[in-house]
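I opened this notebook to record what I looked up, one topic at a time. The entries begin with a helix and then move on to a sheet.

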Amino acid sequence: QGVPLGDMKKATLDAILDPDDEFGIEDFNEPLPYHVHEAITLRRSLASSSVAKLQRMLDCAGMDGRVRYATQYHGARTGRDAGRLIQVQNYPRGEIGDRQGLTADILADAILTRNVDHIKEIWGDDIFSAIISSLRSCIVPEEGKVIVSGDFAAVEARNLLSMAGQHDRVDQMHAGLDVYSETASLIYKRPINRKLPGDHKEGQIGKNTFLSSGYGLGPVGFRARFAPKESIDLAMMAINAYRKEAAPLVPKFWYGLWQASVDAVWCDHAKTYDYIGIEFRKEGDFLTMRLPSGRKLWYHRPRKATSYTPQGDERPSWTFMSYQGKKFRRHLAWHGMITADCIQGSARDLMTEAMKRAEAAGLNTIFKVHDELVFEEYDRPDLVETVKQIMEDIDPWARERKFRVKAEVEKMKRYRK
C-alpha cells in the first residue's frame, strides 16, 4: 500500500498511529490512508495477549461458571501469590478512566448487547480496546451477591517510608496531603498542583518519582520507564529530589540493609547481622532475611561476589540461585532487590493477616491481586465499613514500626479497578 514499515513492533505501530508523535520514515510524509490506518489498528489490537484472555476464561471456567486455582500460594520469592490460569494480576488497567462519563458497568452492558454501532457510539472505532478495557468486568459475583474490593493504598510506599524512619511523609500521606504534587514541586522548583490541567504532566512525573524511586531506580531507568521524551537532566532532577529532599532516609535504609546482607554472606561462620531489627543469617544452604513480622525470606546457595560502583570501584557483593522463567540460574543481588523483597514481603504479611481476620469474621475471599483482597458476599449496609476495619486493624509488629495503612474499599456488581 506504499507505506514503508521497518517492523511490526508495538512501539512502531503506536508511533505511526499517533499523530502527536514524530514518526521518522523517509519518503513518507502523507497522512495514512483510512484503510491502512484501520488495518494497522486491527493488527496492533489483535497482537495483544490480552485478547486471548477471553478464551482463556472460558477454557478455565467450570460447569458452575467459576474459575478455580487461579493463584499459587507463595509463588513469588517474597511470599506473595503468583497468578495462574486466567492471570488476573496481569489484566491491563484499560482506558475507561480516560473517558469522561463512562464507567466499567456502562461499557460492559453495551458490549453485552452485541450492538457494534452502540459500542462505537460510546467508545469509538477501536472495539478491541473496549474489550481489553472490560476484561475485569467478566468477573461477576453469584446472583444475589456483590463483589467487595479492599485495596491497601500505596502500601509499599508507606511501608518503605515507615521502615526507613521517614515518618513525616507517612503522616502526610495518611492525612490526605498530596505528596505527589509536593514531589513534583521539589523537582520543578515551583508550586505544582497535579489536579490542575496545566500541571497534569508535571504531577504525573512527581507521582512516578515518589512511587518508583524507593528501590534504587536511577535516572537512566527512570527516564526509560516513565519519561522517554524528557531529558536525562530532568530524570536526574527527579531522582535527586526523591533521594535528597522527599525521602532522604530511604537511601540510608537501602545501604544499611544491603551491608547487613553482605556481612552475613561474607562471614565464614553462621552469624546474625542486624539492621534496625531486620536480621540476616546463613542457615545451611540458604541466606535468610528475617522480616519484622518474624517470617523469613530464603536465598538459595549464596556466594561471595564482587560488583562495581558507578565510578568503577570494586565492592563486596553476593549472588544466589533462583528461577528466571523456567531456568534455575545464579543472580547478582543488589540493594534495590533486597529492599524490594523486604518491603513487598512485609506488605504480603499485612495482607495475609488481614485475610485471616476476614475469614474469622465469616467473609469469603475469592482472590488476591497484589495488595488487594476481593470478597464475594451478600450485600448489607455495614459491609464496606466491616472490610475497611478488618484491613486497617494491623498487627503489633506493624504498629511498633509506626506503619500507617489505609484501605480503600468499594462494593461493585462487576470486578474493576
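I first noted that the expected span of a helix is 1.5 Å times one less than its number of residues, and that helices (H or I, at least four residues) and strands (E, at least two) are DSSP runs numbered from the N terminus. The model is predicted, so local features need pLDDT of at least 70 and side-chain atom pairs count only at pLDDT 80 or more, while totals for chains, interfaces and linings use all residues. Residues are numbered from 1 along each chain as its sequence is written, and side-chain values use heavy atoms, with hydrogens and water left out.

I checked helix 10 (residues 200-212): its 13 residues should span 18 Å at 1.5 Å a residue, and this agrees because its end C-alpha atoms are 18 Å apart. I then listed its buried residues (under 20% relative accessible area, 1.4 Å probe, protein chains only), and among them are E202, I205, N208 and F210. The buried residues of helix 10 pack (contact means heavy atoms within 4.5 Å) against helix 7, helix 8, helix 9, helix 11 and helix 12.

Next I turned to the sheet, where two strands pair if DSSP finds at least two bridges between them. The sheet is open, with 6 strands in the order 4-5-6-7-8-9 and antiparallel pairing. Its edge strands are strand 4 (273-275) and strand 9, each pairing on one side only.

I looked up strand 8 (residues 314-324) last, and found that 6 bridges pair it with strand 9 (residues 327-332) in the antiparallel sense, with S322 opposite R329. Strand 8 is also joined to strand 7 (residues 296-308) by 7 bridges, where S307 has R315 as its bridge partner.

Methods
Buried < 20%, exposed > 50% of the residue type's maximum accessible area, 1.4 Å probe, protein only.
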